[in-house]
Amino acid sequence: MNEASSRRGFLSAVVLLGVGGTASDAVAATPKAEGKSKPAEVNATEDLMREHGIIRRTLLVYDEVARRLGLREEKAPVEVLARAARLMRDFGEGYHEKTEETEVFPRLVKAGQQKELVQVLLVQHAAGRKVTEALLTATAGRDALTQPQQRAEVARRLTGFIRMYAPHAAREDTVLFPAFRDLFDAKQFDELGERFEEQEHRLLGSDGFENALKEVAWLERALGIHDLARFTVAEK
């Protein structure tokens, strides 16, 4: 057996046996497994995209609330919506969007890139903040969301916000952030990631992302939409 065939046979055994004794010993002997290094810190654009994950999960909460508001027999989940709107205001707008507006957009515009897209994104940020304030106002008071007309109006605002923010975040992830990444060399990008982390701690505390993640998980559980399996498309 030649050297190449021997190596292919070794690798096949590793893949097939997985955690078996012989395969484990073989994997442990490879250079990659020796002295395992800690994964790299989250970089600047990955950080922004993780934050989009929190926002997208909040949009799922908005979607479920809007659905319930459209059903007469359903009691309006006022507390859940109020907390979701506060999460959007504090984390989504006060931190995430602020980071984009102070760190991302200006650098791209200065470099002569994505000017038209940045302008649209800024307009949408402003529109979203108006919706958030309207939601917070609508959920305040003892009789919040008890009238059919008010329920319908809030449901309309939620649906409009979702329809705007889903393509908004998708365009940032696939167009804006890659263009932003290309403005830096590796060292500059690492330094920017550290700057983003410092800003997060300053604005949200040392566990800002983790706390936002816990909050959105609570919102999902409160509405019974926390089980990912329930969203699986059923085959007939």
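Predicted model: local features only at pLDDT ≥ 70, side-chain atom pairs only at ≥ 80, totals over all residues.
Local features need pLDDT of at least 70 and side-chain atom pairs pLDDT 80 or more, while totals for chains, interfaces and linings use all residues. Residues are numbered from 1 along each chain as its sequence is written, and side-chain values use heavy atoms, leaving out hydrogens and water.

**View 1. Y62 and its contacts.** Look around Y62 and you will find L81, A84, A85, M88, L135, L158, F161 and I162 in contact with Y62, leaving aside neighbours within four places in sequence. Contact here means heavy atoms within 4.5 Å.

**View 2. Y62 meets F161.** These two rings form an edge-to-face aromatic pair, 5.7 Å centre to centre with 70 degrees between the planes. Y62 belongs to helix α3 and F161 to helix α6, so the pair ties together parts 99 residues apart in sequence. Helices are DSSP runs of H or I, at least four residues, numbered from the N terminus. Rings pair if their centres lie within 6.5 Å; planes under 30 degrees apart are stacked, over 60 edge-to-face, and the rest tilted. Both Y62 and F161 are buried (under 20% relative accessible area, 1.4 Å probe, protein chains only).

**View 3. F91 and Y95 within helix α4.** This aromatic pair is tilted, at 6.0 Å centre to centre and 45 degrees between the planes. The two residues are four apart in helix α4, so about one helical turn separates F91 and Y95. The relative accessible area is 3% for F91 and 1% for Y95.

**View 4. Arginines over rings.** R83 lies over the face of W218, 3.6 Å from the ring centre. The charged end of R181 sits over the ring of F189, 4.0 Å from its centre. For Arg, this requires CZ within 6 Å of the ring centre and within 35 degrees of the ring normal.

Notes. Buried < 20%, exposed > 50% of the residue type's maximum accessible area, 1.4 Å probe, protein only.
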